[in-house]
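Please walk through the structure below with the text beside it.

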Amino acid sequence: MKGTLKLWTRDELILSLNLYLKLPFGKLHSRTPEILHLAKIIGRTPGSVAMRLNNFASVDPYHQQRGVKGLKGGQKQVQPIWNEFIENNEQLLFDSESLLAAKEKVSIEIKFAAILKGTEHLQGDDKKSEVKTRVNQDVFRRIVLVNYNSKCAISGIDIPDLLVASHIVPWSKDVKERLNPENGICLSPLYDRAYDKGYIGISEKYEILLSPQIIKKKTESYFQHNFNSLLRSKITMPSKYHPNKQFLQFHLDTIFKK
């Protein structure tokens, strides 16, 4: 007699979405170490976890637009979780990291100790808010780096410690889009700073634009080394979530130094 089918809980689905966002499409299989780890801590088989991740691929608009169907069998279960991520990604991502830490039997403060340094003196709601912000920023960085294969979209630098998840629409300008993968570009610190301050821009055709304020420095050696090669070039495109064109235009309209 076959055993009763164990239904997936909301917590398990949230953890699966968390992992789906951190993995490239080519690794959504049962041999991937991260899938093996999640399967172990939630008491599922690696195959079943891989299947859930492919269910999320089937409802991901990016894959739908390029004709990849994923596994449609579990769409009804994962669609509400995906919708919740779109509508309230800040809370869902933080909840998923809190759940993951609990499953790993460690507090979120210990797991993220390196990025939470300096919050020890905070208390109450102030501490909760700061912890949530920093954890979410760290998760966003990991998602963006995976999306760009851990390479700067401008320089090609592939050392993760030297890479930044640069926001197109600044963190302070749009709460809803803060953690949207389409609002992030993987950049090295120099180009992150230049983009953040408007010295470079990116067009809707993904072309790199130089501000007149940086072009007037074209006789300087640092311009030749760091900016001259960017003229008439494009960013390296990510594997999954392309920079949102409306976000790129917002940056050109409000931040880029014309």
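Helices (H or I, at least four residues) and strands (E, at least two) are DSSP runs, numbered from the N terminus. This is a predicted model, in which local features need pLDDT of at least 70 and side-chain atom pairs count only at pLDDT 80 or more, while totals for chains, interfaces and linings use all residues. Residues are numbered from 1 along each chain as its sequence is written, and side-chain values use heavy atoms, with hydrogens and water left out.

Begin with arginine 44, in the loop between helix H2 (33-42) and helix H3 (46-59). Its relative accessible area is 14%, so arginine 44 is buried (buried means under 20% relative accessible area, exposed over 50%, partly exposed in between, with a 1.4 Å probe and protein chains only). Leaving aside neighbours within four places in sequence, arginine 44 is in contact (heavy atoms within 4.5 Å) with residues including Lys6, Trp8, Glu12 and Val49.

Another loop, between helix H1 (10-22) and H2, holds leucine 28. Leucine 28 is buried as well, with a relative accessible area of 8%. Not counting residues up to four places away in sequence, leucine 28 touches several residues, among them Tyr20, Ile35, Leu53 and Ala57. The C-alpha atoms of leucine 28 and valine 49 are 8.9 Å apart, although 21 residues separate them along the chain.

Next come the charged pairs. Side chains of opposite charge can pair when their charged atoms come close. The whole structure has 10 salt bridges (a side-chain nitrogen of Lys or Arg within 4 Å of a carboxyl oxygen of Asp or Glu). One of them joins lysine 22 and glutamate 97 (2.6 Å, N to O). Lysine 22 lies in helix H1 and glutamate 97 in helix H6 (residues 89-103), so this pair ties together parts that are 75 residues apart in sequence. Glutamate 97 is buried, at a relative accessible area of 0%. A second salt bridge is formed by aspartate 138 and arginine 142 (3.3 Å, N to O); both lie in helix H8, four residues apart, about one turn of the helix. Lys22, Glu97, Glu104, Lys111, Asp138 and Arg142 are linked in a network of salt bridges.

Finally, turn to helix H9 (residues 189-196), where Tyr191, Asp192, Ala194 and Tyr195 are buried. Seen down the axis of H9, these buried residues fall within an arc of 165°, so they line one face of the helix (the arc is that of the directions from the helix axis to the C-beta atoms). The buried residues of H9 pack against E1, strand E2 (184-187), strand E3 (200-202), helix H11 (221-226) and helix H12 (245-254).
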